[in-house]
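Q: I've got a protein model open and I'd like to learn how to read it. Can we go through some features together?

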Amino acid sequence: MKNSANFLKTLVDIECVKFGDFTLKSGKQSPMYIDLRNIVSHPSMLTELSYLFKDKISNSIQRICGVPYAALPIATVVSIQTGLPMIIKRKEVKKYGTKKIVEGEYNVGDKVLLIEDVITSGESLIETIKELESEGLLIEQIIVVLDREQGGVKRLIDKGYQVESLFSILSLVELLFKERKIDNVIYTNVLHFIQHNSIIDSPSKKPKKYLQKTHSNETAQRLLGIAYRKKSNLIASIDLITTKDIIGLLNEIGNDICAAKLHIDIISDFTPSFIDELLIIAKRFDFLLIEDRKFADIGNTQLLQLSKGMYAISSWADMVTIHLIAGESALKAIQDWDSEKKPALIPVIEMSSSGALTDQDYIEKCKKFMYNYTDVIGVVCQTAELNEGFLKFTPGVNLESKNDDKGQNYNSPKYAIEELHSDFLIIGRGIYSANDPKNEIGKYLLAIRELDFFGA
Ligand code: 5IU
């Protein structure tokens, strides 16, 4: 084995780390299961670990001790690799003979490296430390193989110990997500679990206040203004196929949304007069219009698609979605387009569907240039972190369902706002397929207003 990334991936291959739905000893549900004990059956993994530990051990260490039982084989190989003598702390005190709790040779005042396989709250480490210290040993250094990032490391550091981990669950899921070995559902579930199961209060749990967001683009300001006035960051995705149904729904829920998102090309009875009707309703109820066209062509073609044909999108849409797959030149072509009426742009940098190809690499590539364009007001994404002021639009939001049977994945409004830090929630079937859409949208409004999202 040559590098740490390979070591991490092998941990998954040999089922030391599994993703799914697990019930922990505490009764809690967890999206991951970690048990490094299988490593003992993989000598090459143990050898690799011994190298990784060797690089980190302080010169002052005199004894090596593993927390029983899982860390004992690791401590053994580290001892062999470094030539530093090992001691063993018994799990139970011997009932006969010497009644020792520490086996092996040591002197009072010896400086010990304590090894643990996985750290969660740090509880079992603290127990072992107490017993070693009661024997007169000094805990000089603690090295853990995998940190579950639930606060254990900080707890020990706060107690004055020198602690480090070779790997963290976050670095593991980030690596797997980047290499498309896990999808964004597993990825966000793990992030969510870490944030909600830390023994230390995380400041990111507090939802941010809406008013803190400002954007220089005029359309972005209008959207923020409407959302704030209505205390609604809901964007209805009206994926209906007749003009009658669309107008009917907008008349019902128009007061409760800050924007309506359309797929104009799915309407079976479209005529240009529908646009006139749409604009009147949008003005009456005070919401903006997004055409979810997802442009994805070369600059010249995109400009034609934007402005020509029977939909003449740029003549009425306040915002349009666009993929950045064609690269910066295609985005620049729209930005440079000198037109009296031009919609603001919302690039799609991450999708909600299972197996989406929009991995971290793709997101980073988009971020490299999109911030330079004033027509871009924000992005459609799920987990991506954005620069200050950029608006985050998140589809895949539903109060009732977790997914559909065609690859869509849903989060709750609370999760989208508190964990994904989404500014605008895009909701389709959750509202338009409900028996009583007006009543249903009320539930979504309640869910977001409960979060104090709009300030006092
Ligand atoms: N939409 C997604 N996920 C995405 C992107 C767009 O769901 O990643 I980009 C669109 C598809 C549909 C709406 O128009 O948002 C969500 O509708 P439902 O709430 O009915 O799933």
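Q: How much space lies in the second largest cavity?
A: Start with the general idea: rolling a probe the size of a water molecule over the atoms shows where empty space is left. In this predicted model, the second largest cavity holds about 30 Å³ of space.

Q: Which residues line the second largest cavity?
A: Lys261, Ile290, Thr321, Ile346, Val380, Phe393 and Ile426 do. Sorted by class, that lining has 5 nonpolar residues, 1 polar and 1 charged.

Q: How many cavities of 30 Å³ or more does a search of the whole structure find?
A: The search gives 2. The largest cavity has about 40 Å³ of space. Its lining is made of Leu36, Arg37, Ile39, Val40, Leu46, Ala70, Pro73, Ile74 and Asp117. Of the residues in the lining of the largest cavity, 7 are nonpolar, none are polar and 2 are charged.

Q: Which distances should I look at for Gln408, Tyr410 and Arg429?
A: Look at pairs of polar atoms. In Tyr410, a polar side-chain atom lies 2.6 Å from an oxygen atom of the ligand. For Gln408, an N or O atom of the side chain is 2.7 Å from a ligand oxygen. Arg429 also has a polar side-chain atom 2.7 Å from an oxygen atom of the ligand. As for cover, the ligand taken alone exposes 500 Å², and the protein buries 91% of that.

Q: Next, helices. Which residues of helix 6 are buried?
A: The general idea comes first: an α-helix has 3.6 residues a turn, so residues three or four places apart point the same way. In helix 6, which covers residues 169–178, the buried ones are Ile169, Leu172, Val173, Leu175, Leu176 and Phe177. Just after helix 6, Arg180 takes a positive phi of about 60°.

Q: Where else does a backbone angle stand out, say a positive phi at Lys231 or His421?
A: Check the phi angle, then find the residue's place in the chain. Lys231 is not a glycine, yet its phi is positive, about 50°. You'll find Lys231 in the loop between helix 8 (218–230) and strand 9 (234–238). Lys231 counts as partly exposed because its relative accessibility is 30%. His421, not a glycine either, has a positive phi of about 55°. The loop from helix 14 (413–418) to strand 16 (424–427) holds His421, which is partly exposed at 26% relative accessibility.

Q: Which form does the peptide bond from Pro68 to Tyr69 take, cis or trans?
A: Read the omega angle for this one. The bond from Pro68 to Tyr69 is cis, with omega near -10°. Tyr69 belongs to the loop between strand 3 (63–66) and helix 3 (72–82).

Terms used
Residues are numbered from 1 along each chain as its sequence is written. This is a predicted model: local features need pLDDT of at least 70, side-chain atom pairs count only at pLDDT 80 or more; totals for chains, interfaces and linings use all residues. Side-chain values use heavy atoms; hydrogens and water are left out. Buried means under 20% relative accessible area, exposed over 50%, partly exposed in between (1.4 Å probe, protein chains only). Helices (H or I, at least four residues) and strands (E, at least two) are DSSP runs, numbered from the N terminus. On a 1 Å grid over the protein atoms alone, a cavity is a set of points where a 1.4 Å probe fits but cannot get out, and a pocket is an open set with protein on both sides within 12 Å along at least five of seven lines; lining residues have an atom within 4 Å of a point. Grid points are joined across faces, edges and corners, and a volume is the space filled by probe spheres set on the points. Ala, Val, Leu, Ile, Met, Phe, Trp, Tyr, Cys and Pro count as nonpolar, Asp, Glu, Lys and Arg as charged, and the others, Gly among them, as polar. A polar contact is a pair of N or O atoms within 3.5 Å; within protein, one must be able to donate a hydrogen and the other to accept it, and residues adjacent in sequence count only if both atoms are side-chain atoms. Accessible areas come from the Shrake-Rupley method with a 1.4 Å probe; for residues, only the protein chains shown count as cover.
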